[in-house]
Amino acid sequence: MHWDRLFEDLEGQLASEWEAERAALDAESERLRIARLDMRARLRMLCAAGAEVTVDLADARRVPVTLRSLGADWIAATSRVATGSAPAATLLIPHDAITGIALDHGLLLDSLDERPGHDLALRERMTLGFVLRDLARRRAAVRLSLRIGDDLHGTIDRAAADHLDLALHDAGDARRAASVHGFRVIPFSALVAVRTLGDHLV
């Protein structure tokens, strides 16, 4: 009986050591996985979940939104705050205009999960310029928020490789020659958000 108890104790110790070693390896593996995780992967998870977050923008604004889509260098979101009688706006936000995302702890942890073997959806390959060219084709009225200066209202006439041409007109007006009161060339790097009403964004 003495030997049986001794062997049982030894087996218990060995099992505990193996369990501790496995837990340490799992913890190290998780640390390495997170070390390789980029912001894009976390945005992918948040967009897939339709997460309600507050996005901090490069112009110091904080915008409560519901995340909708992830593109090559942008996210699409729906504003959760409607102004007056106007419906909530759809926003196109360049990745480099995001300075932070406020979210609850559950979403924070969920965004750490990475989908194994994730294939890029076609939408995730669309660049900012591609989407802006589509808005120009649709003649959608937009409001542009810039890193410096006031918001601009108008219609995108054309979008080139790294900039766009905006015909300025009052919010709510269609782009007609009589309504246009100026033109601006705006580099994509100056954009913080592109807002449009309705379903003009992907």
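**Exercise 1.** Determine in which sense strands β4 and β10 pair, and over how many bridges.

*Solution.* Strands here are DSSP runs of E with at least two residues, helices are runs of H or I with at least four residues, and both are numbered from the N terminus; two strands pair if DSSP finds at least two bridges between them. In this predicted model, where local features need pLDDT of at least 70, side-chain atom pairs count only at pLDDT 80 or more, and totals for chains, interfaces and linings use all residues, β4 (residues 90-94) and β10 (residues 191-196) pair in the antiparallel sense over 3 bridges. Within this pairing, Leu92 has Val194 of β10 as its bridge partner. Residues are numbered from 1 along each chain as its sequence is written, and side-chain values use heavy atoms, with hydrogens and water left out.

**Exercise 2.** Describe the salt bridge between Arg138 and Asp134, and how accessible each residue is.

*Solution.* A salt bridge requires a side-chain nitrogen of Lys or Arg within 4 Å of a carboxyl oxygen of Asp or Glu; for Arg138 and Asp134 the closest N and O atoms are 2.5 Å apart. Both residues lie in helix α4, 4 residues apart, about one turn of the helix. With buried meaning under 20% relative accessible area, exposed over 50% and partly exposed in between (1.4 Å probe, protein chains only), Asp134 is buried at 16%, whereas Arg138 is partly exposed at 42%.
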